[in-house]
Amino acid sequence: MIAGIDIGGTTSKIGLVLDGRVLRQTRIPTTGHADDHAFAQALATAVRSLLADEGGGSLEAVGIGAPNANQFTGIIEMAPNLPWKHDVPLARMLQDRLNVPAVLGNDANAAALGEWRYGAGKGYDDLLVVTIGTGVGSGFIVNGSLLLGSAGNAGELGHMTLAMDGRPCTCGRKGCLEAYVSIRGMRQTYAELANDLDLLKEEGVKCIADAAHAGDRAAQRTFEETVHWLAVGLANAVAVTGPRRVVLFGGIVRSGDLLLAPLKKAFHSALLNIYQGRVDLTVSALPDDDAALLGAAALTTIPMKIRK
Ligand SMILES: [Zn+2]
């Protein structure tokens with residue numbers, strides 16, 4: 001069995017994975033621990049308690065997906081949405097406590113590996129996985145390996161500039177894909193089109209989808225614009241790594257007829273002609289509750305390249 005751990009801003013999920021299935025899972029708060037050591041201890045305790053519930057069995061490894069995680073060093077580096085403002089060597093901390101190898105990786109890369117090993121990307125050695133939520137994350141499988149780059153941080157599609165001097169992004173730059181396509185970005189587009197900034201206080205995008213279905217023109221245009229930005233961003237990414245398949249993950253992509261059908265059309269017409277007919281676009285087939293855990297567990301299946 002492999003323990004998969006997904007570190008989120010408020011909650012962290014812990015699961016036991018065997019042959020691409022989550023056997024058991026639990027969660028603990030990410031916040032409220034005395035320090036990072038107490039947090040690592042709570043994670044290790046949760047893993048042990050899942051193993052006991054499973055009636056024993058041997059643990060082979062631990063895979064941890066986290067924001068701002070450096071796969072080369074096993075360190076979470078000053079993640080803005082996590083409680084610790086210093087570097088946390090979480091891989092080593094769990095390895096010491098559980099006595100099995102631990103691999104830490106960026107959460108978007110974990111999602112990509114999960115789709116590649118167990119989900120809609122199975123069998124595709126050239127794959128792009130894009131997760132759309134509060135932000136936009138991406139992981140690239142190229143020639144059968146995860147693209148990491150010189151410092152372990154390659155593949156930030158969410159911060160590809162699409163609009164020169166466009167909308168400000170959380171990264172401090174302007175016009176990034178994420179500033180338009182994320183939940184936050186879509187709410188902003190809707191508020192601007194409806195000329196009502198109070199709409200920004202709403203949560204999620206379901207209200208926009210409901211409004212669009214009810215015939216609200218600003219809501220429909222919000223989806224049209226989101227489709228446009230996403231199609232252009234994906235087509236640009238295809239021109240760099242030449243994936244055979246693109247897999248989308250996240251609540252927004254489940255807005256069905258409002259997003260996926262028009263996106264497929266816009267994506268194919270945005271592609272450079274040499275890629276047309278050679279790349280398809282689909283949504284994740286993994287259960288929402290399991291995807292992050294399967295991805296974290298899949299981190300342990302790739303050969304580690306450690307660089308200082
Ligand atoms: Zn940005």
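Q: Where is Ala-292 placed in this predicted model?
A: Helices are DSSP runs of H or I with at least four residues, strands are runs of E with at least two, and both are numbered from the N terminus. Ala-292 sits in helix α9, residues 288-298. Residues are numbered from 1 along each chain as its sequence is written. This is a predicted model: local features need pLDDT of at least 70, side-chain atom pairs count only at pLDDT 80 or more, and totals for chains, interfaces and linings use all residues.

Q: Is Ala-292 buried or exposed?
A: Count the other C-beta atoms, placed from the backbone, within 10 Å of a residue's own: 20 or more is buried, 12 or fewer is exposed, and in between is partly exposed. Ala-292 has 27 C-beta neighbours inside 10 Å, so it counts as buried.

Q: Which residues does Ala-292 touch?
A: Two residues are in contact if their C-beta atoms, placed from the backbone, lie within 7 Å. Leaving out residues up to four places away in sequence, Ala-292 touches Asp-6, Lys-13, Gly-65, Ala-110 and Ala-111. Ala-66 is 226 residues away along the chain, yet its C-alpha atom is 9.9 Å from that of Ala-292.

Q: How many residues of α9 are buried?
A: Nine of its eleven, so α9 is mostly covered. Among them are Asp-290, Leu-293, Leu-294 and Gly-295. The cover includes strands β1 (2-7), β2 (11-18), β3 (21-29), β4 (61-66) and β11 (245-249), and helix α3 (107-118).

Q: At what angle do α1 and α2 pack?
A: Helix α1 (residues 36-53) and helix α2 (residues 90-98) pack at about 50 degrees, with axes 10 Å apart. Under 35 degrees is roughly parallel, over 145 roughly antiparallel, 65 to 115 roughly perpendicular, and the rest oblique. α1 and α2 are therefore oblique to each other.

Q: Which residues make that contact?
A: From α1 come His-37, Ala-40, Gln-41, Leu-43, Ala-44 and Val-47. From α2 come Leu-90, Met-93, Leu-94, Arg-97 and Leu-98. An α-helix has 3.6 residues a turn, so residues three or four places apart point the same way.

Q: What does the whole protein look like in numbers?
A: The C-alpha trace spans about 55 × 45 × 35 Å along its principal axes. The protein has nine helices and twelve strands. Of its 308 residues, 43% count as buried.

Definitions and conventions: Axes fitted to C-alpha atoms, helices over the stretch in contact; angles between N-to-C directions.
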